[in-house]
Amino acid sequence: MNLSREQMLAEMGITPIWRLRESGAAAPADGAVDTPPPVETPAPVAVASETVPVAVDALEWPELAARVASCKACGLCEQRKQAVLGVGDRDPNWLFVGEGPGSEEDVAGEPFVGQAGQLLDNMLAALDLARGDKVYIGNAVKCRPPGNRTPEAAEMAACRPYLERQIALLRPKVIVLLGKAAVHALLHDDKSLASLRGRRFAYQGIPVVVTYHPAYLLRNLPEKAKAWEDLLFARRCLREAAAGK
Ligand code: URA
């Protein structure tokens, strides 16, 4: 289905509040400033002690994919159909990190193929992006948590080396964390999303931006406008990073 930009924005529930300007920035309805605030690097906190460490620092994609496929570092391996590594361009500008595979992703072996994925695709399209084209999509944990529950801290800690290795291989220009689990996994921060939005964090020198998970947006439609604001903020961070600022 080919949607016009107007239709895509409408699909996201963000017209007529948000419109792309020629400069690429949007006019915030509440008069928020365009300039990104300074980079923040949150202090690391201790991770769960039950983590089974996986050593993947030196692995290239084929070995990394094989290790993820056969991983037994936590109990999530017991009920998965398959591990879901991630999908997309391995030379990306954008990396989106979600929580973990759901039932459809567990079957398909690809992140965000269900309803939340449809919304994510619409969000990408509204930015003139598409999965696989300078965009990579991954998750905090690679195996489906039973009943689609939130992954536990120990599970995210066990899976974190894979995410870290993916980021080291991908070297995206911006990372967008979708929801609290992704924030916990990468930034070790458990504060509310509302308090983390609109701030530019850094992971290994890469700007990191936080926004709501698409599944949350499906249940809380008015928050879509905020997610759109976050994506525009992420794009500004990306452009600044690309310009070496
Ligand atoms: N939700 C996620 O966080 N990731 C997926 O891959 C699918 C749904």
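**View 1. Lining of the largest cavity in the predicted model.** Cys71, Ala73, Cys74, Leu76, Cys77, Arg80, Val141, Lys142, Cys143, Ala158, Cys159 and Tyr162 line the largest cavity. On a 1 Å grid over the protein atoms alone, a cavity is a set of points where a 1.4 Å probe fits but cannot get out, and lining residues have an atom within 4 Å of a point. This lining divides into 10 nonpolar, no polar and 2 charged residues (Ala, Val, Leu, Ile, Met, Phe, Trp, Tyr, Cys and Pro count as nonpolar, Asp, Glu, Lys and Arg as charged, and the others, Gly among them, as polar). About 70 Å³ of space lies in the largest cavity, with volume taken as the space filled by probe spheres set on grid points that are joined across faces, edges and corners. The structure holds 2 cavities of 30 Å³ or more. Residues are numbered from 1 along each chain as its sequence is written, and side-chain values use heavy atoms, without hydrogens and water. The model is predicted: local features need pLDDT of at least 70 and side-chain atom pairs pLDDT 80 or more, while totals for chains, interfaces and linings use all residues.

**View 2. The largest pocket.** A pocket is an open set of grid points with protein on both sides within 12 Å along at least five of seven lines. The largest pocket has a volume of about 650 Å³. Its lining comprises 33 residues, and Glu99, Gly100, Ala116, His213 and Ala215 lie nearest the centre. By class, 13 are nonpolar, 13 polar and 7 charged. Helix 8 gives the most to this lining, with 4 residues (helices are DSSP runs of H or I, at least four residues, numbered from the N terminus).

**View 3. The ligand and its shell.** The ligand sits in the largest pocket, as more than half of its atoms lie within 2 Å of the grid points. Gly98, Glu99, Gly100, Glu105, Pro111, Phe112, Asn139 and His213 surround the ligand, each with a heavy atom within 4 Å. This shell divides into 2 nonpolar, 4 polar and 2 charged residues.

View 4. A polar contact is a pair of N or O atoms within 3.5 Å. A ligand oxygen atom is 2.7 Å from a polar backbone atom of Glu99. A ligand nitrogen atom is 2.8 Å from an N or O atom in the side chain of Asn139.

Definitions and conventions
Polar contact = N/O pair within 3.5 Å; in protein donor to acceptor, adjacent residues only side chain to side chain. Helix = DSSP H or I, 4+ residues; strand = E, 2+ residues; numbered from the N terminus.
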